[in-house]
Amino acid sequence: MQRKNLIAAVEQAARDRGLYFQIGYEYQMNEALGKTPALWLSHPETSKHEGTTEGVKTYAVRMFIIGMPDRQSAADPELVWAAMEAEAAKICEAIADAECVKSISDVEMAVAKSSVTNRGEISMSIKMKVQAPFTNPKN
C-alpha cells in the first residue's frame, strides 16, 4: 500500500506543477512518453524495510522532468537548467509534505547528458530516498 500511496503523491506533485505524469521503466521513455512537459517516474524500489508489523520502508525513487526546450533552441541552457532545478526542488518538497511520507533524503539532481527520448529535449533526473511508515495488522 505504501508504494501505491507514494506513486499517488508523486503524481499529485507533478500535476500540481502542470506536468504530465507517467510511470514506467526507463527503457520505455522514448516510445511511451505521451506528451511534454512531463514527469516520468521509474518504478520505486524498496531499498530498506525496518520492522515487522509496523515500521518504515525506504524507497529508492528516480524520476525525470522532461520536455523543456530542445538543446538547439534553448538560448541559454544554464537558465533552463536553473529553472528545472527550482521545479525539481518544489516537486521534492511536495512529496516530502505528502501524508504517506515520513521524510526524504539523499536528493540528487542532474541534468541529462543527452536526451532521454529521440525528440532532443532537455531533461533532469532526480534521485532520492523516501521513507514511508507502515502498519501491517497481525493475522
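## Ground rules

Because the model is predicted, local features need a pLDDT of at least 70 and side-chain atom pairs count only at pLDDT 80 or more, while totals for chains, interfaces and linings use all residues. Residues are numbered from 1 along each chain as its sequence is written, and side-chain values use heavy atoms, with hydrogens and water left out.

## The chain as a whole

Let's begin with the fold. The chain has three helices and six strands, and along the sequence they come in the pattern α-β-α-β-β-β-α-β-β. Here helices (H or I, at least four residues) and strands (E, at least two) are DSSP runs, numbered from the N terminus.

Of the chain's 139 residues, 37% count as buried. Buried means under 20% relative accessible area, exposed means over 50%, and partly exposed is in between (1.4 Å probe, protein chains only). The accessible surface comes to about 7900 Å², and carbon and sulfur atoms hold 48% of that surface. These areas come from the Shrake-Rupley method with a 1.4 Å probe; for residues, only the protein chains shown count as cover.

Contacts also say something about the chain: among those with a separation of 6 or more, 63% are between residues 24 or more positions apart. Contact means heavy atoms within 4.5 Å.

Strand β2 spans residues 38-42 and is mostly covered, with five of its five residues buried. Ala38, Trp40 and Ser42 point one way from β2, Leu39 and Leu41 point the other way, and all are buried. As background, side chains in a regular strand alternate between the two faces of the sheet.

Which way does β1 run relative to β2, parallel or antiparallel? Strand β1 (residues 20-24) runs parallel to β2, and five bridges join them. Two strands pair if DSSP finds at least two bridges between them. Within this pairing, Gln22 stands opposite Trp40 in β2.

Ser123 sits in strand β6, which covers residues 121-135. Its relative accessible area is 0%, so Ser123 is buried.

What is Ser123 in contact with, leaving aside its neighbours within four places in sequence? The list is Ile65, Ile66, Met84, Ala110, Val111, Ala112 and Val116.

## Salt bridges

The structure holds four salt bridges, each defined as a side-chain nitrogen of Lys or Arg within 4 Å of a carboxyl oxygen of Asp or Glu. One of them joins the side chains of Arg17 and Glu87, at 3.0 Å from N to O. Arg17 lies in the loop between α1 (2-16) and β1, and Glu87 in helix α3 (residues 77-96), so the pair ties together parts that are 70 residues apart in sequence. Arg17 is partly exposed at 34% relative accessibility, whereas Glu87, at 19%, counts as buried.

Another salt bridge brings together the side chains of Glu26 and Arg62 (2.9 Å, N to O). This pair also links distant parts of the chain: Glu26 is in the loop between β1 and α2 (29-32), Arg62 is in strand β4 (residues 54-70), and they are 36 residues apart. Glu26 is partly exposed at 35%, and Arg62 is partly exposed at 26%. Lys48 and Glu50 form a salt bridge too, with their closest N and O atoms 3.9 Å apart. Lys48 is partly exposed at 46% relative accessible area, and Glu50 is partly exposed at 39%.
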